[in-house]
Amino acid sequence: MRKFLWNLTWLIMRPALVIFCHFQVKGTENLKDLKKPFIAAIATHATYIDGYIVGAGFDFNTEVFPLRYMTVERYIKMPILGTILKTYGAFPVRLGLGVESGTELAHTLLKKGDAIGMFIEGKLSKDGNNNHPKPGAAYLSIKSGFPVLPISLTGNFGFNLSSFIFRKKYVTITFNKPIYPRELGFSYKENPGIKEDEVDQLTQLIMAKIKENL
């Protein structure tokens, strides 16, 4: 059901973005050898539909699609919106928890073979810039041993109905080269073996890859 729903959404979103937002997708060669499970680390997060925009960037019905997005718990609990989000595969994350507790469910889903989507800022950008990236994606990658796919999303800040209708936006998705933690010397580590400086190092590397195309 989830795959069918995302494919149906793709058939609507992709043509609409191409026609009204000058939509471009770059770096698809970096998806060639990518397999689930993996963590998609995405920036810039500027609208509530960014997850669907990113979904439209993948090939139709691809094996690595769809992503399951970490979503603020209060949205998941809303009667109608929550049902829609969960049908698309979103799962809740509680704000204010440490990185270990906050990513526990995501780690479980990774071990089951899912691909996880995370907006690295952890919230909507107020100015269209990337500030203070969160360590969740790096932490999950080191803990699980699974790769991170840095995704650059541009042209979505200030997106609204008027800019859509009058074709004022130029939205671009760039799939950057996946980062494999073992190639960097980060082996699979259960807590408390994960070192904060290693998480910081990988977080900065992820952000550097994303910023290359922002």
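Let's start with Lys 77. At 61% relative accessibility, Lys 77 counts as exposed. Keep in mind that this is a predicted model.

What does Lys 77 do with its side chain? It meets the side chain of Glu 73 in a salt bridge, 3.9 Å from N to O. Glu 73 itself is partly exposed, at 25% relative accessibility. Glu 73 has another partner, Arg 94, and that salt bridge is also listed at 3.9 Å, N to O. Look at where these two sit. Glu 73 is in helix H3, residues 73–76, while Arg 94 is in the loop between strand S4 (91–93) and helix H5 (99–102). They are 21 residues apart, so the pair links distant parts of the chain. Arg 94 is exposed, with a relative accessible area of 52%. Put together, Glu 73, Lys 77 and Arg 94 form a network of salt bridges.

How many salt bridges does the structure hold? The count is 3. Asp 114 lies in the loop between helix H6 (104–111) and strand S5 (116–119), and Arg 68 lies in strand S3, residues 68–72, so the pair ties together parts that are 46 residues apart in sequence. Buried or exposed? Asp 114 has 15% relative accessibility, so it counts as buried, since the cut-off is under 20%. Arg 68 is at 15% too, and it also counts as buried.

Now to helix H1, residues 2–21. There is a kink of about 25° in H1, centred on Trp 10. Trp 10 is also on the buried list for this helix. Others on that list include Leu 5, Trp 6, Met 13, Leu 17 and Cys 21. What do the buried residues of H1 pack against? They pack against helix H2 (50–57), S3, helix H4 (79–87) and helix H8 (161–165). Just after H1, His 22 takes a positive phi of about 50°.

Next, the nonpolar cores. In soluble globular proteins, nonpolar side chains tend to be buried together. Here the largest nonpolar core has 33 residues. Which residues have the most contacts inside it? Those are Ile 42, Phe 58 and Leu 67. At least two residues each come from H1, strand S2 (39–43), H2, strand S6 (148–154) and strand S7 (172–175). H1 gives the most, with 5 residues.

Take Phe 58 as a close-up. Leaving out residues up to four places away in sequence, Phe 58 touches Trp 10, Arg 14, Leu 31, Val 64, Phe 65, Leu 67, Leu 149 and Phe 175. Trp 10, you will recall, is where the H1 kink is centred. Leu 67 came up as one of the residues with the most contacts in the core.

Last, the surface. Which residues make the nonpolar patch? Met 1, Phe 4, Leu 8, Leu 11, Ile 12 and Phe 60 do, and the patch is about 670 Å². Met 1 sits in the segment before helix H1. Met 1 is exposed, at 70% relative accessible area.

That's the tour. Questions, please.

Notes:
Residues numbered from 1 in each chain as written. Predicted model: local features only at pLDDT ≥ 70, side-chain atom pairs only at ≥ 80, totals over all residues. Heavy atoms only, no water. Patch = residues over 30% accessible without salt bridge, like charges linked within 9 Å, V, L, I, M, F, W, Y side chains within 5 Å. Areas by Shrake-Rupley, 256 points an atom, 1.4 Å probe, with all protein chains shown as cover. Salt bridge = Lys/Arg side-chain N within 4 Å of Asp/Glu carboxyl O. Helix = DSSP H or I, 4+ residues; strand = E, 2+ residues; numbered from the N terminus. Buried < 20%, exposed > 50% of the residue type's maximum accessible area, 1.4 Å probe, protein only. Bend = angle between axes of the 7 residues up to and from the residue. Contact = heavy atoms within 4.5 Å. Core = buried A, V, L, I, M, F, W, Y, C linked by side-chain atoms within 4.5 Å.
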